[in-house]
Amino acid sequence: MALGLLWALNIVFAGVTAALLAALLYVYWRNVKEIRSRFTVGLFLFAVLFLAQSVVGMWAYVAMNDAGHGADVAFPMLLLNATGLGAIATLVAITWD
């Protein structure tokens with residue numbers, strides 16, 4: 001089945017989120033090696049789990065599209081993905097500062 005626009009946007013948002021999380025993983029991994037505190041390990045684990053969620057989400061959006069779920073499902077997911085992307089972008093901005 002052809003990928004709908006809203007599902008494609010969900011995949012794009014999840015992909016951008018995954019890329020930002022990869023950048024955070026790089027910073028957090030350096031911090032884990034240098035600082036070695038529970039907090040830095042926790043940040044690293046947070047980023048790993050959130051990255052896994054984003055990657056699995058991209059697969060799930062394709063599966064939901066193929067199952068015939070339309071805008072009634074895709075639009076609320078898009079709002080969630082946009083909010084998550086904004087949150088991660090904010091975290092990257094303050095982390096990189």
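**Exercise 1. Which residues does Thr17 touch, not counting residues up to four places away in sequence?**

Solution. The model is a predicted one, in which local features need pLDDT of at least 70 and side-chain atom pairs count only at pLDDT 80 or more, while totals for chains, interfaces and linings use all residues. Residues are numbered from 1 along each chain as its sequence is written, and side-chain values use heavy atoms, with hydrogens and water left out.

Step 1. Locate the residue: Thr17 lies in helix α1. Helices here are DSSP runs of H or I with at least four residues, numbered from the N terminus.

Step 2. List the contacts, where contact means heavy atoms within 4.5 Å. Thr17 touches Ser54, Leu85 and Ile88, with residues up to four places away in sequence not counted.

**Exercise 2. Determine how α1 and α2 are arranged relative to each other.**

Solution. Step 1. Take the geometry: helix α1 spans residues 5–35 and helix α2 residues 38–66; their axes come within 8 Å and cross at roughly 160°. Axes are lines fitted to C-alpha atoms, for helices over the stretch in contact, and angles run from 0 to 180 degrees between N-to-C directions.

Step 1. Classify the angle. The angle makes α1 roughly antiparallel to α2, since angles over 145 degrees count as roughly antiparallel, under 35 as roughly parallel, 65 to 115 as roughly perpendicular and the rest as oblique.

Step 2. Describe the residues of this contact: 21 are nonpolar, 7 are polar and none is charged. Ala, Val, Leu, Ile, Met, Phe, Trp, Tyr, Cys and Pro count as nonpolar, Asp, Glu, Lys and Arg as charged, and the others, Gly among them, as polar.

**Exercise 3. Which residues make the contact of α2 with α3?**

Solution. Step 1. Helix α3 covers residues 71–96 and packs against α2 at an angle of about 155°, with the axes 13 Å apart. The two helices are therefore roughly antiparallel to each other.

Step 1. From α2 come Phe46, Phe50, Tyr61 and Met64, and from α3 come Val73, Met77, Asn81, Ile88 and Leu91. The residues of this contact divide into 8 nonpolar, 1 polar and no charged.

Step 2. Consider Asn81 of α3. At 14% relative accessibility, Asn81 counts as buried. Beyond residues up to four places away in sequence, Asn81 touches Asn10, Phe13 and Tyr61.

**Exercise 4. Identify the residues of the largest nonpolar core.**

Solution. Step 1. A nonpolar core is a set of buried Ala, Val, Leu, Ile, Met, Phe, Trp, Tyr and Cys residues joined through side-chain atoms within 4.5 Å. The largest has 8 residues: Leu21, Leu24, Leu25, Val27, Tyr28, Ala47, Ile88 and Val92.

Step 1. Assign the helices: α1 and α3 each supply at least two residues of this core, and the largest share, 5 residues, comes from α1.

Step 2. Turn to the other core: a second, separate core of 5 residues includes Trp7, Ile11, Ala14 and Tyr61.

**Exercise 5. Is Ala74 buried or exposed?**

Solution. Step 1. Ala74 is in helix α3. With a relative accessible area of 1%, Ala74 is buried.

Step 1. Leaving aside neighbours within four places in sequence, Ala74 is in contact with Leu6, Trp7 and Asn10. The C-alpha atoms of Ala74 and Asn10 are separated by 7.6 Å, although these residues are 64 residues apart along the chain.

Notes. Buried < 20%, exposed > 50% of the residue type's maximum accessible area, 1.4 Å probe, protein only.
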